[in-house]
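User: Hi, I have a new structure to go through. Can you help me read it?
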Amino acid sequence: MIAKREIRVGLIGFGVVGRGVARLLATNGPLYAARIGAPVTLAKVAVRDLTKLRPVTPDPSMLTDDPFSIVNDPTIDIVIEVMGGEEPARSLILAALANGKGVVTANKALLAIHGEEIYAAAEAGNAPLRFEAAVGGVIPIVRTLNGAFAANKIDTVYGIVNGTCNYILSRMAEEGLGFEEILKDAQALGYAEADPTFDVEGIDAAHKMAILAALAFETPVDFNSVHMEGITRVSALDIRTAAQLGYVIKLIGVARRHNDTAVEVRVTPSLVPEWMPIASVNGALNAIEVSGPDIGDNLLVGPGAGQGPTASAVLGDVAVIARTIVDGAPPTPRPMNVPVALRRPLPALPLEKIESRYYLRFDTYDRPGVMAQLTRPLGDHGISIASMMQKEKVGKRADGASVVVVTHWAMESDLRAALAEIEGADILHCPTVVMRIIGDEEDE
Ligand SMILES: NC(=O)c1ccc[n+]([C@@H]2O[C@H](COP(=O)([O-])OP(=O)(O)OC[C@H]3O[C@@H](n4cnc5c(N)ncnc54)[C@H](OP(=O)(O)O)[C@@H]3O)[C@@H](O)[C@H]2O)c1
């Protein structure tokens, strides 16, 4: 086969990531070309609104508002999809793959929901699909799971996969301020979107954990089965109390395979022991730990989002596809480490069946017998208390006390049954704060 002299790339989306891709290509073009063996040329750029004022504008001759003209252009070798959303991104990627083009996407929302269809389309179209930027920004977690760790059976992947939440929680811990206050500042500084719902409600982290679980456990993951809780109800008080107990609060995603019979995928604000390396990953950084019997614990840390890191991850994937084209080698269309037809669906483990240690904070009335009314239901449901702390309330609620309980390992269904009894006993000012504690099993 004759080696190609130029790789032509079509860029769909010229927002934060798209502009970063164009900038990095322009800045490091010669180095990038040398590493690939041919220049990579931006051939076309699609945007939604051609009249929009932009910080940088691509050459008008390459600009279009018809992204299908890119995926159907026979002169384009690789399509980069950085427009986001489900449609038309899904249809565009499917069309590009059906046309045999390489596709690189950063679209976690799309892959978490339509991943199986898209992975199958890549295999059917004999077209390479890569998505490193969709999870953990610049952290090379996808190629680590797919490549470097391919000989290992991975049972747990967990970590911090949303930089916005990590930034907010880190600042809450450092400054002792509340969620709303730090969120406003994070928005002003560009660490949080004007509409932060996807980030602070845990949806973005759940998208990433669903993709990681599908990759690590060779199974399709139904996104609807992913349990997610965000950070909007994490209070400065809980952060302080957790610190007194030797923990920091992080939004943690957990993906775990249970004896080849079920898969657990969840995202929750969690208490992390201070001694764990992940506890000191602060600010907008992400950190993902992958453990296995022969590889030990591997913590990958880096910027999980932002223009430079995400564009770098995108262009890293483009380089892999481009080198194959330049070498005249057959495409490597398998996006997951196991071919789609051989992936075995594992059922989702319902949240009630997970086991964890728990942090519980009860805001109680200060009456005789309250302590027994709190602890008896826990004991009756087999939940053993590891430590307990009571604080007298002062000020407005001087009639109350704050009781913090840290449990040993317990089944979520038992905890819920105990909490239902406690909450029915008219001893609480407000609903119980429940957070899971990370450690032991994740750190094995
Ligand atoms: N930002 C990050 O740090 C980051 C990190 C990791 C992954 N990602 C993922 O990367 C993707 C892009 O994110 P972003 O932050 O760059 O988004 P963004 O700033 O909102 O940019 C989106 C771009 O797509 C274009 N677009 C949207 N709909 C279109 C349509 N129907 N036809 C043509 N163009 C269309 C927009 O055009 P206009 O400019 O005309 O509006 C805009 O240029 C998302 O999937 C996101 O989840 C982002």
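User: Which helix gives the largest share of the shell around the ligand?
Analyst: This is a predicted model. In it, helix H1 (residues 16-36) gives the largest share of that shell, with three residues.

User: OK, and how many residues surround the ligand in total?
Analyst: There are 24. The closest are Gly13, Gly15, Met83, Gly84 and Ala305.

User: What classes are in that shell?
Analyst: Twelve of the residues are nonpolar, eight are polar and four are charged.

User: New topic. What is the strand order in the open sheet of six strands?
Analyst: The order is S3-S2-S1-S4-S5-S6. The pairing is parallel.

User: Which strands are at the edges?
Analyst: Strand S3 (63-64) and strand S6 (129-130). Each pairs on one side only.

User: What joins S2 to S3?
Analyst: Two bridges join strand S2 (residues 40-46) to S3, and the two run parallel. Valine 45 stands opposite leucine 63 in S3.

User: Which strands does helix H11 lie across?
Analyst: Helix H11 (residues 307-327) lies across S1, S2, S4, S5 and S6. It runs at about 170 degrees to S4.

User: Last one, glycine 296. Where does it lie?
Analyst: Glycine 296 lies in strand S12 (residues 296-303).

User: Why does glycine 296 count as exposed?
Analyst: Because it has 9 C-beta neighbours inside 10 Å, and a residue with 12 or fewer is exposed.

User: And how far apart in space are glycine 296 and proline 309?
Analyst: They are 27 Å apart, C-alpha to C-alpha. In sequence, glycine 296 and proline 309 are 13 residues apart.

How values were computed: Residues numbered from 1 in each chain as written. Predicted model: local features only at pLDDT ≥ 70, side-chain atom pairs only at ≥ 80, totals over all residues. Helix = DSSP H or I, 4+ residues; strand = E, 2+ residues; numbered from the N terminus. Buried ≥ 20, exposed ≤ 12 C-beta atoms within 10 Å, placed from the backbone. Near = placed C-beta within 6 Å. Nonpolar A, V, L, I, M, F, W, Y, C, P; charged D, E, K, R; others polar. Pairing = 2+ DSSP bridges. Contact = placed C-beta atoms within 7 Å. Axes fitted to C-alpha atoms, helices over the stretch in contact; angles between N-to-C directions.
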